[in-house]
Amino acid sequence: MSKNNKATKIGICIVAELLIVVFSIMFIASFYGKYGSDIKTTTTFEDGVPSQKVYSCPITVKKSGNYVLSGGWGGTTFDSTPKYITGFVLRAPDDSVQMAFTAGILYFDSPIKLQKGTYKLEYHVIADLDSYNEFIRKYDVKGQDYPLNELPKIEAMKGYNGSFDMQYKINIDRSDFFYGISAVIIGMLVMTPIIIMLFIAVSTDGELKSKVDERQERVNSKAASLGFFVAVAEMVLFADYQMVVDASGARLPIQSGVIAFALVVIAICVFTTYSILHDGYFALNINKTWTIVVQAVLAVILLALGVYYIVKDEIIVEGVFTYKGVTLICGIALLYLFVIYLVKYLIDKRGENA
Amino acid sequence: MKNLKLKAARAGKDMSQDELAKQCGVSRQTINAIEKGDYNPTINLCIAICKALGKTLDELFWDDEE
């Protein structure tokens, strides 16, 4: 590698690192302006009357501004969806009603202006039509009434004895222009250095096509066959498993799309593992160190995103592993490849010493 | 079966596996695999190796025991 070429690569590396640092700072800053409330309740009904009619929890807004409300709620177990209605009331720090609603995703009235201070979220248990009408009137609920065809369900609560476990989750996120632009910039800052680093990793003297020798071609061909057969075996097993699950009426603990994606990732990992362990993976004209560095950086970013989603309870929702876990799967796969590089390095080292 | 003739010829020319690999346009691991007898090269690669080491095919790849 010429001195000029090396200097360019080092320069690009420094710029990429600086961008990553800026991204990290902005990523941390983006948490400022995100508030959440998560509450679990157990309501026992005796003859249709709830043991507790109102649950409440505080939510502190640290900066005045426009916010978007979003959230969801439901039974904590699959079979515990209640027939009663929950009325939500957001009270300002001075106890006045900021907004009230009875159902649906809360984007309808968003964004709303919130002042700095501690708000109170109230969850009203509404188990009969009179209470429902009273709630609508008392809190002046407009435009977000529970769909009329859903209301008859409330009749099922008449004389009901038993209890429901519920989980309510409300998020309040900043909706200012700056935050929207930040998201775009963050996206660009993440993608640009990755693309640059990938280009450097796969190119030598401007050539993009990777060159492998005859032995590597043979190794990669065997690796591809192995990966293909693993993929076929996985598909057969998955189809079998899905049929059993469908027949039993059970619910899959992982979304089908995520399983399909994971199976593809496993097949790719099998291909790559064989290729790395038999010295077929790295092309002759590829920069091995750069490739490993890029994959390590990608692994860290994807794992960080995965951990972020775990902390936010977005990967496992109501006991189901959702599509947001895809980033985590990719991160784990890249980390696994990193371990394979290490294993291969140690095997080679041992061979040299022997 | 190990190809000791190749290893000896390479050592005779004071070349490393990496240097020979670069001259032949293959990876160092491929030269290593040929020397260890783990890989049978094609005739094209055999010729490239012979040219790099200044030897004939017989000298490097003919099995005298046969």
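1. A:Glu122 is buried, at a relative accessible area of 7% (buried means under 20% relative accessible area, exposed over 50%, partly exposed in between; 1.4 Å probe, protein chains only). Its side chain meets that of A:Lys120 in a salt bridge, 3.9 Å from N to O (a salt bridge is a side-chain nitrogen of Lys or Arg within 4 Å of a carboxyl oxygen of Asp or Glu). A:Lys120 counts as partly exposed because its relative accessibility is 32%. Together with A:Arg91, A:Lys120 and A:Glu122 are linked in a network of salt bridges.

2. On the basis of the note: this is a predicted model, in which local features need pLDDT of at least 70 and side-chain atom pairs count only at pLDDT 80 or more, while totals for chains, interfaces and linings use all residues; side-chain values use heavy atoms, with hydrogens and water left out. Residues are numbered from 1 along each chain as its sequence is written, and chains are lettered from A and ligands numbered from 1 in the order in which they are written.

3. Chain A has 7 helices and 11 strands (DSSP runs numbered from the N terminus: helices are H or I, at least four residues, and strands are E, at least two). Of its 354 residues, 37% count as buried. Chain A exposes about 20200 Å², and carbon and sulfur atoms supply 65% of that area (Shrake-Rupley method, 1.4 Å probe). Among contacts in chain A between residues at least 6 apart in sequence, 82% join residues at least 24 apart (contact means heavy atoms within 4.5 Å).

4. The largest nonpolar core has 28 residues, of which A:Tyr84, A:Leu90, A:Leu114 and A:Tyr123 touch the most other members (such a core is a set of buried Ala, Val, Leu, Ile, Met, Phe, Trp, Tyr and Cys residues joined through side-chain atoms within 4.5 Å). Strands of chain A that each supply at least two residues include strand 1 (34–46), strand 5 (85–91) and strand 8 (117–126). Strand 9 gives the most, with 5 residues. Beyond four places in sequence, the contacts of A:Leu114 include A:Val61, A:Tyr67, A:Leu90 and A:Ile172. Apart from this core lies another, of 17 residues, among them B:Leu6, B:Met15, B:Leu20 and B:Cys50.

5. A:Tyr160 sits in the loop between helix 2 (129–138) and strand 9 of chain A. It is partly exposed, at 26% relative accessibility. Not counting residues up to four places away in sequence, A:Tyr160 touches A:Phe45, A:Glu46, A:Asp47 and A:Gly48. The C-alpha atoms of A:Tyr160 and A:Gly48 are separated by 4.3 Å, although the two are 112 residues apart along the chain.

6. B:Arg10 belongs to helix 1 (residues 4–12) of chain B. With a relative accessible area of 11%, B:Arg10 is buried. Its contacts outside four places in sequence include B:Met15, B:Leu20, B:Glu35 and B:Leu53.

7. Chain A and chain B bury about 790 Å² between them, 48% of it on carbon and sulfur atoms (the accessible area, 1.4 Å probe, that two parts lose on being put together, summed over both). The contact takes 7 residues from chain A and 11 residues from chain B. Across this interface the rule finds 0 salt bridges.

8. Over all chains, the whole structure holds 7 salt bridges. One joins A:Asp348 and A:Lys344, with the closest N and O atoms 3.1 Å apart. Both residues lie in helix 7 (residues 326–353) of chain A, 4 residues apart, about one turn of the helix. A:Lys344 counts as buried at 10% relative accessibility, whereas A:Asp348 is partly exposed at 24%.
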